[in-house]
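Student: I'm new to this one and would like a close look at a single part of it. Could you take me through one spot slowly, and then show me what surrounds it?

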Amino acid sequence: MSLITIEDIFHIKSVSTPTVVPNSNSVVYYVTKIREQDNDYVTHLYLNDGQTNHQLTYGNDRISSLKISPDGKYLFFLSAADKKQQLFRMRLDGGEREQITHEKEGITGFTISSDSARIYYNVSLEVNKIHAEPDDSLDEQKQDVVDEKKDDKSNGKGKDLPEPVVIDRMKYKFDGAGVLKEKYSEVKVIDLATLDIESYISHDLINYNAKAAGSDYFVYTSDESDNPDFNFSASLFIEQGGKVKEIPTSDGYVASVNIAPDGKHIAIVEMSRDFENATHPKVYVYNVDTEEKVAVTDNLDRPVGGMVAADVQQSTEMEGVVWVNNDTFLFTVADYGNINLYQGTVQGECMPILEDKHHIYGLSTTEHHAYLAISTPTHPGEIYRFDLQEKKLEKITEFNTEYVDNRTIVEPEEITYESKDGTKVHGWIMKPADFEAGKKYPMITNIHGGPHALYGNTFFHEMQVLAAKGFGVLYVNPRGSHSYSQAFVDAVRGDYGGGDYEDIMAGVDYALAAYDWIDGEKLGVTGGSYGGFMTNWIVGHTDRFKAAVTQRSISNWTSFRGVSDIGYYFTDWQIKADFFDIDKMWHHSPIKYVNNMKTPLLILHSERDFRCPMEQAEQLFIALKYQGVKTRFVRFPEADHNLSRTGKPNLRIKRLEHLSEWFENILK
């Protein structure tokens, strides 16, 4: 048996996104792997026919948004063509893939009508400000630019020269994409018999998005607003026979829309703004004929869906709700660190039907079987078939079996303890992989991002690497984490560095009291995003940790609100400080407490991080060096906020090397 290594990311396969073939016993799914030599990821389609598994595609590209036509004849998916995402189809009975869109800006999503006759898809339209016709909305300076640009084009100038980006809105950049040209989304429709394409719904400055389509109606969202910069909601509409009516939804986000087989009911997953982005997503059922809407999960006090922090599940896609028949549907719920399977009905009933210490990250269903992608703390994940009548679970793929059988994998132990104010906190602790009774070991506390994500019962490569290198690992879900009550997830807002800090420190105290193998003089702490903020906060408020690594972190809320892609509203929501409340933003800024920071701190940050921009790391590094604190700054090129999960493989390796070496050099 070999210890887990950093390079094991090249041996772990992500098996995800089961999608049933209608009227059959077959299911199609993704297998994503990392190619070390090419430093990239590839995704292939596989099919299980009830007996064996067959590979369907062999290209060296990424495939996404897999859907199968309700008549069971075609696979549809997105893949890159000329560097843009385009729609492809492939016959299930054999044949080559066929590209059926050629959009200049690519497409961002699609849905198939329930009669397999049409596809509605989303495409972005660029607002061309330079070439706009003169009107009263352009000041004289802008009009001069328009006129000059027209002259350049007429003279053949300006070819292959850089163009400025004109920005008039606050939502002008996004992590992973960079600075955005102003675009708005329209819906187009494809006639699948002829492949003719028409614009279906479009309006300048309004984003329309296709959500679902029955045989005789279409469901879409619109973000029409008088103030787009502060609009964080989308309205839901149904168009039938040329008539449009609004489906009532909460002020907030419509995550998914799924139509029952007979078209009479629509399942909707919504996330209201009652607690801003800390709000539990919920399931509702809308009756198309009576226009009545039934709440399904109001009494659960748990969030619908996942949001699990992990690093080996790639290309994961899952519908919020899948229909078993005209009356019954399935969905997942995050509960106490697990992602479990629930069943709901159009009458508003719901109950768990598969609960375990596991992470369900893929779901599709026939009337008799659910197909699930499941990971556990000791297994990266496979596809399972769950008998809905017998409640029996059967694994139908074995892509990671050989890997698991040949590695020493540490099984985390679940813990529950009380925080300083009596709040119950849940988490896990891992012994070192080479654990020997009677010996003392250093321990690293690892803090998740979000803060409204969660650690769960799933395989986490980074945790296993630290355990393999001889560290104990503590990871907990402080207040703010999902999979618990609405009050618990909301408790962090306006209190960053308060109760959440006490929750984490109480976890360290609990571990030291309960496990005599932990060396209390050799403690480390790390985390990314919100976990990076908390790492910075911790070293400014205690010297108990002898080494720390902060990743993609926040150090200064006063500047964060103006430089992050989400800063201007996230700061309002999370810190509960508006633009003029400098004192509160500064109070919650770790850099305020730099005079107290003595712990050796490694700073890891991505050059293209637009969520927690590089300047957050730069400020902290200079402040620490100015104070004479032991620190090191590592900048990752061509990487964004998601480096640890989806970044270039060689940089993921380097990140883990820097992180583990820092702890080894100081704690060992």
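Tutor: Let's go to Arg552, which sits in the loop between β39 (547–551) and α7 (557–563); helices (H or I, at least four residues) and strands (E, at least two) are DSSP runs, numbered from the N terminus. Keep in mind that this is a predicted model, where local features need pLDDT of at least 70, side-chain atom pairs count only at pLDDT 80 or more, and totals for chains, interfaces and linings use all residues. Residues are numbered from 1 along each chain as its sequence is written, and side-chain values use heavy atoms, with hydrogens and water left out.

Most residues other than glycine have a negative phi. Is Arg552 buried or exposed? With a relative accessible area of 13%, Arg552 counts as buried, because buried means under 20% relative accessible area, with exposed over 50% and partly exposed in between (1.4 Å probe, protein chains only).

On a 1 Å grid over the protein atoms alone, a cavity is a set of points where a 1.4 Å probe fits but cannot get out, and lining residues have an atom within 4 Å of a point. By class, the lining of the second largest cavity has 3 nonpolar, 5 polar and 4 charged residues. Here Ala, Val, Leu, Ile, Met, Phe, Trp, Tyr, Cys and Pro count as nonpolar, Asp, Glu, Lys and Arg as charged, and the others, Gly among them, as polar.

How many cavities of 30 Å³ or more does a search of the whole structure find? There are 3. The largest has a volume of about 90 Å³, and its lining includes Ile9, Tyr41, Asp311 and Arg652. Strand β3 (residues 27–35) provides the largest share of that lining, 3 residues. Sorted by class, the lining of the largest cavity comes to 5 nonpolar, 3 polar and 3 charged residues.

Now back to backbone angles. Lys576, in the loop between α8 (567–574) and α9 (582–587), has a positive phi near 60° and is a residue other than glycine. Lys576 counts as partly exposed, at 43% relative accessibility.

One more backbone detail: a cis peptide bond joins Gly450 and Pro451, with omega about 5°. Most peptide bonds are trans. You'll find Pro451 in the loop between β36 (441–447) and α3 (461–468).

Finally, the packing. The largest nonpolar core has 57 residues, and Ile429, Met534 and Trp557 have the most contacts inside it. A nonpolar core is a set of buried Ala, Val, Leu, Ile, Met, Phe, Trp, Tyr and Cys residues joined through side-chain atoms within 4.5 Å. A second, separate core of 27 residues includes Ala433, Ala547, Val634 and Trp662.

How values were computed. 1 Å grid on protein atoms, 1.4 Å probe; cavity = no way out; pocket = protein on both sides within 12 Å on 5 of 7 lines; lining within 4 Å. Points joined across faces, edges and corners; volume = space filled by probe spheres on them.
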